[in-house]
Amino acid sequence: MSLRVILAEDSVLLRDGIVRLLTATGFDVVAACPDAETFLVAVREHRPDLVVVDVRMPPTFTAEGLQAALVVREELPEVAVVVLSQYVEERYATELLAGRPRGVGYLLKDRVADTSDFVDALHQVAAGGTALDPEVISQLMSRARNADPLERLTARERDVMRLMAQGRTNSAISRELYIGEGAVEKNVSSIFTKLDLPPTGDDHRRVLAVLQWLDHGEAS
């Protein structure tokens with residue numbers, strides 16, 4: 001059976017061109033939408049095998065398409081998603097790949113050199129694979145290298161970290177936050193992991209974590 005596809009692309013010429021290409025190569029294009037809102041309506045109605053989504057769409061032309069792709073991944077995880085864009089939106093691309101990097105693709109329009117490669121990538125993603133432009137991979141890796149590790153902490157871990165910076169013991173943190181000492185220990189362990197502080201015989205991880213916290217200007 002033909003793979004059922006929904007396309008979201010605001011450019012009329014590009015939208016029609018992709019529809020012709022997909023139809024000619026055996027896909028069943030059940031809807032071609034000019035904006036994210038009508039795209040989500042069509043996806044919920046038709047539940048296709050695959051969606052192909054532009055990133056920047058009306059009304060603000062920022063990241064509506066990619067945000068809609070995230071909604072599809074959340075609501076209909078069985079639907080494969082390919083983002084086709086001129087840009088790498090790092091934040092949303094990371095969310096798109098997080099947790100379930102299967103049945104997903106992120107391709108850059110200007111770097112799709114051959115239509116057969118594009119069609120092959122769609123089949124690969126529809127089959128549960130992954131198709132990422134090398135430039136997307138490069139930018140996401142750069143973002144990961146430069147990310148502030150404190151941004152990884154949850155709200156609860158930040159509360160625990162703040163009290164650690166005040167010199168509180170686990171027992172005192174437990175009383176302050178109204179949680180058990182076991183929960184405090186789990187949060188502290190998670191903090192060490194996220195701040196890349198493995199256990200060693202030479203370093204005091206609690207002190208090193210607090211130093212990172214203070215070095216980033218966090219209030220104590």
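Select helix α8, residues 170-177, in this predicted model. N170, A172, I173, S174 and L177 are its buried residues.

Step past the end of α8 to Y178, where phi is positive, near 60 degrees. Y178 is not a glycine. In general, most residues other than glycine have a negative phi. Y178 sits in the loop between α8 and α9. The relative accessibility of Y178 is 77%, so this residue counts as exposed, the cut-off being over 50%.

Next, show the side chains of K194 and E157. They form a salt bridge, with 2.9 Å from N to O. The two residues are 37 apart in the chain, K194 in helix α9 (residues 181-194) and E157 in helix α7 (residues 155-165), and the pair links these distant parts. Which of the two partners is buried, and which is partly exposed? E157 is buried, at a relative accessible area of 5%, and K194 is partly exposed, at 21%.

Stay on α7 and select D159 and R162. Their side chains also meet in a salt bridge, at 3.9 Å from N to O. Both residues belong to helix α7 and are three residues apart, about one turn of the helix. As a general point, an α-helix has 3.6 residues a turn, so residues three or four places apart point the same way. D159 is partly exposed, with 27% relative accessible area, and R162 is partly exposed as well, with 28%.

Now move to R47 and E78. The salt bridge between their side chains has an N to O distance of 3.9 Å. E78 counts as exposed, at 53% relative accessibility.

To continue with salt bridges, select E9, D54 and K109, which are linked in a network. The salt bridge count for the model comes to seven.

Then display α2 and α3 together. How do their axes cross? The two axes come within 9 Å and cross at roughly 20 degrees. Angles under 35 degrees count as roughly parallel, so α2 and α3 are described that way. Their crossing is right-handed. For the contact, select A36, F39, L40, V43 and R44 on α2, and E64, A68, V71, V72 and E75 on α3. Colour by class to see seven nonpolar, no polar and three charged residues in this contact.

Finish in the loop between β3 and α3, where P59 is found. The peptide bond from P58 to P59 is cis, with omega near 5 degrees. In general, most peptide bonds are trans. F61 lies in the loop between β3 and α3 too. F61 is not a glycine, yet its phi is positive, about 55 degrees. At 42% relative accessibility, F61 counts as partly exposed.

Terms used: Residues are numbered from 1 along each chain as its sequence is written. This is a predicted model: local features need pLDDT of at least 70, side-chain atom pairs count only at pLDDT 80 or more; totals for chains, interfaces and linings use all residues. Side-chain values use heavy atoms; hydrogens and water are left out. A salt bridge is a side-chain nitrogen of Lys or Arg within 4 Å of a carboxyl oxygen of Asp or Glu. Buried means under 20% relative accessible area, exposed over 50%, partly exposed in between (1.4 Å probe, protein chains only). Helices (H or I, at least four residues) and strands (E, at least two) are DSSP runs, numbered from the N terminus. Axes are lines fitted to C-alpha atoms, for helices over the stretch in contact, and angles run from 0 to 180 degrees between N-to-C directions. Angles under 35 degrees count as roughly parallel, over 145 as roughly antiparallel, 65 to 115 as roughly perpendicular and the rest as oblique. A crossing is left-handed if the near helix is turned anticlockwise from the far one by less than a right angle, and right-handed if clockwise. Contact means heavy atoms within 4.5 Å. Ala, Val, Leu, Ile, Met, Phe, Trp, Tyr, Cys and Pro count as nonpolar, Asp, Glu, Lys and Arg as charged, and the others, Gly among them, as polar.
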